[in-house]
Amino acid sequence: MPDVRARRKYDASFRRRQAGETRMRMLDAAEALFAERGFAATTMDAIAAAAGVAPDTVYSAFRSKTGVLHALLDVRVGGDDQPIALLDRPGPQAVKAQPIPKRQIAAFASGVAGILDRARPIDEIMRSAAAVDPDVRALREHMSRTRYENLVQLVSWLAAHGPFRGGISREEAAAIVWTLASPEVNGMLRRERGWSTERYATWLADALTRTLLP
């Protein structure tokens with residue numbers, strides 16, 4: 001009787017998990033190098049060496065150093081590497097579902113405080129690199145527009161419950177949120193003034209409530 005050996009079942013989920021872990025290892029290595037050496041002085045080969053992979057693996061995953069920076073910001077904003085749009089994630093959807101505007105603002109402030117803690121260091125790397133690299137400058141402008149568009153959506157969720165204080169338009173409301181919840185303001189309060197994440201979130205919720213709600 002012939003020796004029939006069972007074939008090993010292909011485990012696609014394991015492969016995906018392994019690829020995801022490798023991708024995150026490359027992004028973590030890139031963030032450390034960008035912070036230590038600066039964006040311009042960091043090479044794709046250095047990212048590969050720090051992550052323990054071949055340079056071709058980094059190029060295959062991100063195509064360019066700007067692509068690494070873009071993916072790194074996406075992951076820090078979203079909190080993971082899942083291909084889910086920010087507004088479709090549980091946090092923003094919980095903000096949308098709140099029936100009371102004041103609670104919507106409080107939930108938004110708490111969520112954005114956590115996002116900025118993760119993403120502000122990458123934004124600072126991007127801001128510095130944008131001064132000398134046109135590709136990074138274009139990326140930062142794109143990400144700024146995307147952030148504003150997301151906040152326009154937030155404002156529409158608030159406006160669904162009634163008008164804003166003093167006849168503030170949706171466009172004005174979006175500009176106010178875009179400014180107060182910016183990485184720059186967060187950095188001034190968190191890093192330069194030493195505020196905790198909780199204190200920043202409480203201040204942001206209070207400032208937006210007082211400014212926007214009747």
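This is a predicted model: local features need pLDDT of at least 70, side-chain atom pairs count only at pLDDT 80 or more; totals for chains, interfaces and linings use all residues.

Start by selecting Arg23 and Asp81. Their side chains form a salt bridge, with N to O at 2.7 Å. Arg23 belongs to helix α1 (residues 12-37), while Asp81 sits in the loop between α4 (65-78) and α5 (90-97), so this pair ties together parts that are 58 residues apart in sequence. Colour by accessibility here: Arg23 is partly exposed, at 24% relative accessible area, and Asp81 is also partly exposed, at 28%.

Next, select helix α6, residues 101-130. Within this helix, Arg120 and Glu124 are 4 residues apart, about one turn. They form a salt bridge whose closest N and O atoms are 3.4 Å apart. Is Arg120 buried or exposed? With 12% relative accessibility, Arg120 counts as buried, because the cut-off for buried is under 20%. Glu124, at 26%, counts as partly exposed.

For the last stop, select Asp123 and Arg140. Their side chains meet in a salt bridge, N to O at 3.4 Å. Asp123 lies in helix α6 and Arg140 in helix α7 (residues 134-159), so the pair ties together parts that are 17 residues apart in sequence. Asp123 is buried, with a relative accessible area of 11%.

Technical notes: Residues are numbered from 1 along each chain as its sequence is written. Side-chain values use heavy atoms; hydrogens and water are left out. A salt bridge is a side-chain nitrogen of Lys or Arg within 4 Å of a carboxyl oxygen of Asp or Glu. Helices (H or I, at least four residues) and strands (E, at least two) are DSSP runs, numbered from the N terminus. Buried means under 20% relative accessible area, exposed over 50%, partly exposed in between (1.4 Å probe, protein chains only).
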